[in-house]
Amino acid sequence: QRSFTWIDRNGKMTDVRFHQAAYFDQSLSPNDKQFAFHEDEHIWIGDVERETKVKFTGDETKEWAPIWTPDGKRIISSSHTDTGAFSLVARNVDGRAMEVLKSGILTAWPNSVSPNGRLLAYTEISGKTAGDMMILSLVGQRKDEPFLVTPSQEWNPMFSPDGHWIAFNSDESGAVEVYVAQYPASGGKVLISDEGGYEPRW
C-alpha cells in the first residue's frame with residue numbers, strides 16, 4: 001500500500017488525504033491543479049485542492065504510466081488488452097476522446113512530451129534489446145525514431161524545459177545511473193548521478 005506526499009523545496013512534507021492503495025506512476029498536470037496516476041490497472045485523476053479522485057479510463061483496457069501534454073488537454077498512457085498487445089494512446093481530459101498513437105508493441109510506456117507538444121519520448125522493449133528510448137512525432141505522420149539504442153538498458157527519457165536535452169536512466173556501467181544527452185542526439189552523454197539514480201525529473 002502507498003500514499004501520496006507533497007514535498008516542497010525546503011523539504012517540508014505534507015500527506016495527501018487519500019486512502020492508501022497500490023498507487024504508481026503519478027504525474028502532475030502543467031497547472032499544478034491535478035495529477036494523474038495508476039491504480040488497479042486504470043488511470044485516475046486526483047484534484048490537488050479538493051484531495052478527491054475520479055476514475056479516468058474504462059474497464060475495456062488496462063492502463064498505466066500516464067503523462068500530461070504541455071497544454072494540459074490530453075493524457076498519454078500505455079494501454080493493453082487481454083490479447084497482450086501494447087499501445088500508446090492519448091485521451092482528451094475533457095471529452096476523453098481517444099487517439100491511438102502507436103500500436104502492436106511488445107512493451108512500451110510514455111515518459112515525457114517535448115515543451116512544444118510535438119514529440120513524445122517513450123521507452124520500448126522490443127525483445128531485441130533490454131530497453132530503448134524512442135521519439136514519436138505527435139503531429140503529421142506518426143513517425144518514430146530511436147534516441148539511443150545500445151545493448152544496455154536505457155529508459156525514462158525526460159525532455160528538458162527547453163527541449164534540447166533528455167535526462168534518462170541507463171545500466172551501462174553495471175549500476176543504474178542518471179545521464180543527460182543532447183536532443184537531437186549528438187552521440188555523447190554526461191553522467192549526472194553519483195552511486196546510482198532513478199527516474200530523473202527536471
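# Briefing: sheets, cores and salt bridges

Four strands form an open sheet in the order β11-β12-β13-β14, and their pairing is antiparallel. The edge strands of this sheet are β11 (107-113) and β14 (144-148), each pairing on one side only. The model is predicted. A further open sheet runs β15-β16-β17-β18, again of 4 strands with antiparallel pairing. The structure also holds 10 salt bridges. Its largest nonpolar core has 14 residues.

**Sheet β11-β12-β13-β14**

- The order is β11-β12-β13-β14, with antiparallel pairing. Neighbouring strands in this sheet are turned by 35° against each other on average, direction ignored.
- β11 pairs with β12 (residues 119-125) in the antiparallel sense, over 6 bridges.
- P110 has Y122, in β12, as its bridge partner.
- Strands of a sheet pair through backbone hydrogen bonds, in a parallel or an antiparallel sense.

**Sheet β15-β16-β17-β18**

- This open sheet has 4 strands in the order β15-β16-β17-β18. β15 (154-159) and β18 (190-191) stand at its edges; each has a single partner strand, so one side of each is left without a neighbour in the sheet.
- Strand β16 (residues 165-170) and strand β17 (residues 177-182) pair over 6 bridges in the antiparallel sense.
- F168 has its bridge partner in β17, namely Y179.

**Nonpolar cores**

- The largest core counts 14 residues. Those with the most contacts inside it are I76, L88, L101, V113, L120, Y122 and L138.
- β9, β10 (98-105), β11, β12 and β13 (132-137) each give two or more residues to this core. The largest share, 3 residues, comes from β9.
- A second, separate core has 10 residues. Among them are I135, F147, F168 and Y183.
- In soluble globular proteins, nonpolar side chains tend to be buried together.

**Salt bridges**

- The total is 10 salt bridges.
- E63 and R91 meet through their side chains in a salt bridge of 3.0 Å, N to O. This pair links distant parts of the chain: E63 lies in strand β7 (residues 62-68) and R91 in strand β9 (residues 86-92), 28 residues apart.
- E63 is buried, at 0% relative accessible area. R91 also counts as buried, at 6% relative accessibility.
- R50 forms a salt bridge with D47, with the closest N and O atoms 3.1 Å apart. R50 is exposed, at 62% relative accessibility, whereas D47 is buried, at 16%.
- D59 forms a salt bridge with K55, with the closest N and O atoms 2.7 Å apart. D59 counts as exposed, at 62% relative accessibility; K55 counts as partly exposed, at 31%.
- R74, E99 and R142 are linked in a network of salt bridges.

**S112, a residue in β11**

- S112 lies in strand β11. At 7% relative accessibility, S112 falls under the 20% limit and so counts as buried.
- A polar atom of the S112 side chain lies 3.0 Å from the backbone oxygen of P157.
- Leaving aside neighbours within four places in sequence, S112 is in contact with I67, L119, L120, A121, P157, M158 and F159.

**Backbone geometry**

- Most residues other than glycine have a negative phi, and most peptide bonds are trans.
- The peptide bond from Y183 to P184 is cis, with omega near -5°. P184 sits in the loop between β17 and β18. Y183 belongs to the second core.
- E51 has a positive phi, near 55°, and is a residue other than glycine. E51 is placed in the loop between β5 (42-47) and β6 (52-55). Its relative accessible area is 15%, so E51 is buried.
- A65 has a positive phi, near 55°, in a residue other than glycine. A65 is found in strand β7. A65 is buried, with a relative accessible area of 7%.

How values were computed: Residues are numbered from 1 along each chain as its sequence is written. This is a predicted model: local features need pLDDT of at least 70, side-chain atom pairs count only at pLDDT 80 or more; totals for chains, interfaces and linings use all residues. Side-chain values use heavy atoms; hydrogens and water are left out. Two strands pair if DSSP finds at least two bridges between them. Axes are lines fitted to C-alpha atoms, for helices over the stretch in contact, and angles run from 0 to 180 degrees between N-to-C directions. A salt bridge is a side-chain nitrogen of Lys or Arg within 4 Å of a carboxyl oxygen of Asp or Glu. Buried means under 20% relative accessible area, exposed over 50%, partly exposed in between (1.4 Å probe, protein chains only). A nonpolar core is a set of buried Ala, Val, Leu, Ile, Met, Phe, Trp, Tyr and Cys residues joined through side-chain atoms within 4.5 Å. A polar contact is a pair of N or O atoms within 3.5 Å; within protein, one must be able to donate a hydrogen and the other to accept it, and residues adjacent in sequence count only if both atoms are side-chain atoms. Contact means heavy atoms within 4.5 Å.
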